[in-house]
Amino acid sequence: MFLYELLIGLRYTRAKRRNHFISFISLISLLGITLGMTALITVMSVMNGFHKEIRSRILGVASHVQISTISGTLTNWQQIADMASKHPQVIAAAPYVSAQGMLSHNQVVRGIMVRGILPDYENRVADFAQMMVMGELDQLKAGEFDIAIGIELARSLGAFPGDKIVLISPQGQVTPAGMLPRLKQFTVTSVFEAGHYEYDSGLALIHMADAQKLYRMELNQVSGVRLKLKDMFQAPQVVKELSLMVSADNYITDWTHQHANYFRAIQIEKRMLSLILALIIAVAAFNIVSTLVMAVTDKQPDIAILRTLGASPGSIMKIFIVQGTLIGVLGTVLGLIGGTLLAYNVGEVVAFIERLFSIQFLSQEVYYISEIPSDPQLDDIVTVAVVSFTLTLLATLYPSYRASKVNPAEALRYE
């Protein structure tokens, strides 16, 4: 029964004689849906790419899970590390000493965060080995007071491998002249580039034994233990499970809490951009309403004839739903193809535009991410397709309902 309604609906979609303008509006609607979906899929993929790139750079320095104490001093770190390593998600654990300090070189002083590490352990939970641009992390030796600094910190201090710099500890020492800060000379052995300004300009790595001496900690005392997981997205669940295994004095956090505001801002930005670009699809759907309203007005004599031949109001409604749905389906399919192709090749497209117009969108001198990353995700693509098709389907209902209510006698009176 639905066959003739489908055939008539498809026939009405093609331009015949006096309704070229209606066909033109249909084409504009189809292009609007296609461009809207292409833009939406591409932007969401690029936002996913930026999110993934920034997350990987932050977590290359930070930890997936961190175990510390409220007092800031952990005395049984080896036991904690062994206990945490028994969890199936934990693949590595490393102790650390974290404290504030200042570096001084050539009359330039910079406030920093000092992290005392064991190089062999640290390489298991962080990616410093891949970040080194000068020297190696393994050059940090206990008792030699060596230091590794971020590249931006090195530039601001004018200190590079081989230079001597002074680390100033806020923990003072009592002298006849009063309370004075503790000073210790370190030798720069390596420079790293994490690709994140916060770390490149404000983080310094020293051997854990040197940090314990500088900040007056016992040999068995550390600030906490850092963990690396098989799946970073399981971190909140791992925290819940580990909290049941350690004492109440221990404080466990994960990367989703440590950098919550940062990643939440990126997620909100992605949603707002998606909402704005979804309006393009909505406008195209409204164009379908205009197209079908004009088509119903133009086809009133045809509707009247079909009604007199026995077509029901429901059949008339189906005919125009087919016409509008066809525009939506074609636009959705073309948008999916265009959006997916552009999302997977956006880097090459942007590079071509940069060469063509001799411009650079992400300058290496300004941005740490000099290439536009893209990470198309199936969930986003399916969501965009479903939303697009739903909007176009809803847009066909009112004009089709009006067509089903056409009075055959009134429509044929002046024909």
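1. Within helix H14, the residues Val346, Val350 and Glu354 are buried, where buried means under 20% relative accessible area, exposed over 50% and partly exposed in between (1.4 Å probe, protein chains only). These residues cover an arc of only 75° around the axis, which puts them on the same side of H14; the arc is taken from the directions from the helix axis to the C-beta atoms. An α-helix has 3.6 residues a turn, so residues three or four places apart point the same way. The face turned away from the buried side of H14 carries Glu348, Arg355 and Leu356, which are exposed.

2. The model is predicted: local features need pLDDT of at least 70, side-chain atom pairs count only at pLDDT 80 or more, and totals for chains, interfaces and linings use all residues. Residues are numbered from 1 along each chain as its sequence is written, and side-chain values use heavy atoms, with hydrogens and water left out.

3. The length of H14 (residues 346-357) is consistent: at 1.5 Å a residue its 12 residues should span 16 Å, and the end C-alpha atoms are 16 Å apart. The expected span is 1.5 Å times one less than the number of residues. Helices (H or I, at least four residues) and strands (E, at least two) are DSSP runs, numbered from the N terminus. Just after H14, Ser358 has a positive phi of about 55°.

4. The structure holds 3 salt bridges, each a side-chain nitrogen of Lys or Arg within 4 Å of a carboxyl oxygen of Asp or Glu. Glu122 pairs with Arg226 at 2.7 Å, N to O. Glu122 lies in helix H4 (residues 119-125) and Arg226 in strand S9 (residues 224-229), so this pair ties together parts that are 104 residues apart in sequence. Glu122 is buried at 0% relative accessibility, and Arg226 at 2%. Glu122 also meets Arg115 in a salt bridge of 3.5 Å, N to O.

5. In helix H6 (residues 151-157), Arg155 and Glu152 stand 3 residues apart, about one turn of the helix. The closest N and O atoms of their salt bridge are 2.9 Å apart. Arg155 counts as exposed, at 51% relative accessibility.

6. Which residues lie nearest the centre of the largest pocket? They are Gln66, Ser98, Met113, Arg115 and Tyr199, out of 17 lining residues. The space in this pocket is about 440 Å³.

Conventions:
1 Å grid on protein atoms, 1.4 Å probe; cavity = no way out; pocket = protein on both sides within 12 Å on 5 of 7 lines; lining within 4 Å. Points joined across faces, edges and corners; volume = space filled by probe spheres on them.
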